[in-house]
Amino acid sequence: MGKKVVVHENPLHLADLIAIFFQQMFGGGVDGIVHIRDSGRGLVAEDGTSLISLVELEKNPDILFLGVGKGKLDHHGKEERECEATLLAKQLLIADDTKVQRLLKLALSDDLQGSRHPFAL
């Protein structure tokens, strides 16, 4: 069974899409995607549902936070040159694969430098 993936509200970034691809291919699959936004009083799902406690949600092994929630796969506010795709690739132990590294380079370039690639959405 796959994991429910939680990402920031649309539009998704290339790093999000690559991380979701990695989860689907190497991490056991994806069982739905939930988009969240910061309401000023906490994180809210796209349907308006409040996400009560990120600490508790992060403990749920069936939920994967990508680039949000200040968890282990959220690169925001950290000094390392990372993105959700690089962090997940390391967690899945696929970061050293040559083909994966090509995707990670593309994800990092788009995420950290804002460069636009032909498939940037």
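In this predicted model, a search of the whole structure finds 2 aromatic pairs. One of them joins Phe-21 and Phe-22, whose ring centres are 6.1 Å apart and whose planes meet at 50°, so the pair is tilted, since only planes under 30 degrees apart would count as stacked and those over 60 as edge-to-face. Phe-22 also forms an aromatic pair with Phe-26, again a tilted one, with 6.3 Å from centre to centre and 55° between the planes. Phe-22 and Phe-26 both belong to helix H1, which covers residues 14–26, and they are 4 residues apart, about one turn of the helix.

Through these ring pairs Phe-21, Phe-22 and Phe-26 are linked into a cluster, and the accessibility of each ring's residue can be followed in turn. Phe-22 has a relative accessibility of 0% and therefore counts as buried, whereas Phe-21, at 39%, counts as partly exposed, and Phe-26, at 43%, likewise counts as partly exposed.

From the cluster we turn to the packing of the helix. H1 packs with helix H3, residues 84–91, at an angle of about 20°, and the two axes lie 8 Å apart; because the angle is under 35 degrees, H1 is roughly parallel to H3. The crossing in which H1 passes H3 is left-handed. On the H1 side the contact is made by Ala-15, Asp-16, Ile-18, Ala-19, Phe-22 and Gln-23, and on the H3 side by Glu-84, Ala-85, Leu-88 and Ala-89. By class, the residues of this contact comprise 7 nonpolar, 1 polar and 2 charged.

Conventions: Residues are numbered from 1 along each chain as its sequence is written. This is a predicted model: local features need pLDDT of at least 70, side-chain atom pairs count only at pLDDT 80 or more; totals for chains, interfaces and linings use all residues. Side-chain values use heavy atoms; hydrogens and water are left out. Rings of Phe, Tyr and Trp (its six-membered ring) pair if their centres lie within 6.5 Å; planes under 30 degrees apart count as stacked, over 60 as edge-to-face and the rest as tilted. Buried means under 20% relative accessible area, exposed over 50%, partly exposed in between (1.4 Å probe, protein chains only). Helices (H or I, at least four residues) and strands (E, at least two) are DSSP runs, numbered from the N terminus. Axes are lines fitted to C-alpha atoms, for helices over the stretch in contact, and angles run from 0 to 180 degrees between N-to-C directions. Angles under 35 degrees count as roughly parallel, over 145 as roughly antiparallel, 65 to 115 as roughly perpendicular and the rest as oblique. A crossing is left-handed if the near helix is turned anticlockwise from the far one by less than a right angle, and right-handed if clockwise. Contact means heavy atoms within 4.5 Å. Ala, Val, Leu, Ile, Met, Phe, Trp, Tyr, Cys and Pro count as nonpolar, Asp, Glu, Lys and Arg as charged, and the others, Gly among them, as polar.
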